[in-house]
Amino acid sequence: MEREPMRIREGYLVKKGSMFKTWKPMWVVLLEDGIEFYKRKADNSPKGMIPLKGSSIHSPCQDFGKRMFVFKLTVAKQQDHFFQAAYLEERDAWVRDIKKAIHHIDGGQRFARKSTRKSIRLPETINLSALYLSMKDPEKGIKELKLEKDKRVFNHCFTGTGVIDWLVSSSSVRNRKEGLLLASSLLSEGYLQPAGDTSKAAAEGLSDTPFLDLSDAYYYFPDSGFFCEGYSSDDDVVLKEEFRGTIVKQGCLLKQGHRRKNWKVRKFVLRDDPAYLHYYDPAGGEEPLGAIHLRGCVVTAVEDMPDTKKYDVDNILFEIITANEIHYYLQAASSTERTEWIKAIQSVARTGK
């Protein structure tokens with residue numbers, strides 16, 4: 001039986017489209033014999049596959065002056081594929097591993113095998129991405145609720161029992177046991193997130209199953225706008241859980257507005273749990289003006305923007321593309337500071353809740 005190709009490296013990169021010439025974030029997987037790219041990390045089927053046999057890689061690639069850290073992969077049929085990394089070290093690491101893979105193919109060698117088996121096995125016919133969209137359907141999907149537990153209010157969430165009920169009633173599974181297996185897979189792939197101590201403890205391995213079919217175990221969709229409010233014992237002041245994480249980095253950056261495209265100074269605070277980048281009026285004020293959800297985002301350096309006047313910015317720019325493809329443009333005070341912000345945001349996006 002022929003073995004599956006080994007995964008050498010994987011992560012988010014920005015890829016240039018072959019037909020429409022647009023740049024979009026993709027989950028890219030480097031295998032021994034090719035590169036697969038997916039619209040989202042949790043997707044089961046790739047959007048495309050690039051064979052490495054007979055390919056060549058070029059870095060740095062200067063074909064796009066306004067985009068930094070781009071590398072070009074030219075396949076045997078002389079078709080070019082362009083990828084953009086977030087910073088120099090990341091680009092060089094991808095280029096090094098791709099070169100190594102091409103060298104092994106040309107030399108008829110193979111990498112040492114590593115196990116890629118997952119603890120949760122599902123039939124090949126189940127499409128988690130399509131199921132997730134059905135679960136979020138405003139009419140027929142799972143209803144988001146406002147639930148209270150232990151003097152805390154959980155907004156935009158639902159119970160574990162509610163998830164299993166929906167899977168059974170929608171004929172996605174035959175019984176609750178199958179529903180528990182499917183919900184556990186949705187949780188492990190990031191389509192569901194635990195909310196509250198009970199569900200978080202199970203997800204961390206402190207229960208028999210990572211997902212709980214319980215009415216007091218709460219979950220939420222990662223892009224739902226979930227937040228938790230808890231009442232203090234001294235008074236009834238509301239403390240939002242989305243501010244409870246450790247501050248990873250903070251400082252002032254220029255941010256471009258989405259409507260008027262003007263640039264304003266904002267104070268940014270990056271927390272690791274949940275994975276949000278909040279921004280404030282630097283003149284004062286405890287309430288944030290807004291927040292950028294970082295889970296599943298891509299962050300890259302950009303050299304210039306077509307709709308930016310020369311005197312508006314100093315071109316020390318970086319771009320955050322969220323999981324639902326909202327683009328945010330920010331400017332740091334120096335190239336070093338930009339790199340620090342990019343690495344910090346990448347780390348929180350990978351490990352934050």
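Which residues point one way from β19, and which the other way? I opened the predicted model with that in mind. L317, E319 and I321 point one way from the strand. F318 and I320 point the other way. I noted that all of them are buried.

**Entry: burial of β19**
I checked the strand over residues 317–321. Five of its five residues are buried, so β19 is largely enclosed by the rest of the structure.

**Entry: neighbours of β19**
I looked up the pairing on β18, residues 298–302. β18 and β19 are antiparallel, with five bridges. T300 is the residue opposite E319.
Then I turned to β20, residues 327–331. β20 also runs antiparallel to β19, and five bridges join the two. Here F318 has L330 as its bridge partner.
I followed the chain through the hairpin of β19 and β20. Five residues lie between these strands. E325 takes a positive phi there, near 65°.

**Entry: T300**
Is T300 buried or exposed? I found a relative accessible area of 2%. Buried means under 20%, so T300 is buried. T300 belongs to β18.
I listed its contacts, leaving out residues up to four places away in sequence. T300 touches F318 and E319, as well as I342. V14, Q84, A85 and A86 complete the list.

**Entry: the whole sheet**
How many strands form the open sheet? I counted seven, in the order β17-β16-β15-β14-β20-β19-β18. The pairing is antiparallel. β17 (290–293) and β18 are the edge strands, each pairing on one side only. On average, neighbouring strands of this sheet are turned by 35° against each other, direction ignored.

**Entry: β15 and β16**
I moved along the sheet to β15 (residues 263–272) and β16 (residues 275–280). They are antiparallel and share six bridges. F268 stands opposite Y279, which is in β16.

**Entry: the helix on the sheet**
What packs on the sheet? I traced helix α6, residues 335–351. α6 touches β14 (247–256), β15, β16, β18 and β19. The direction of α6 makes about 120° with that of β14.

**Entry: recap**
β19 pairs with β18 and with β20, and helix α6 touches β19. Five of its five residues are buried.

Notes:
Residues numbered from 1 in each chain as written. Predicted model: local features only at pLDDT ≥ 70, side-chain atom pairs only at ≥ 80, totals over all residues. Heavy atoms only, no water. Buried < 20%, exposed > 50% of the residue type's maximum accessible area, 1.4 Å probe, protein only. Helix = DSSP H or I, 4+ residues; strand = E, 2+ residues; numbered from the N terminus. Pairing = 2+ DSSP bridges. Axes fitted to C-alpha atoms, helices over the stretch in contact; angles between N-to-C directions. Contact = heavy atoms within 4.5 Å.
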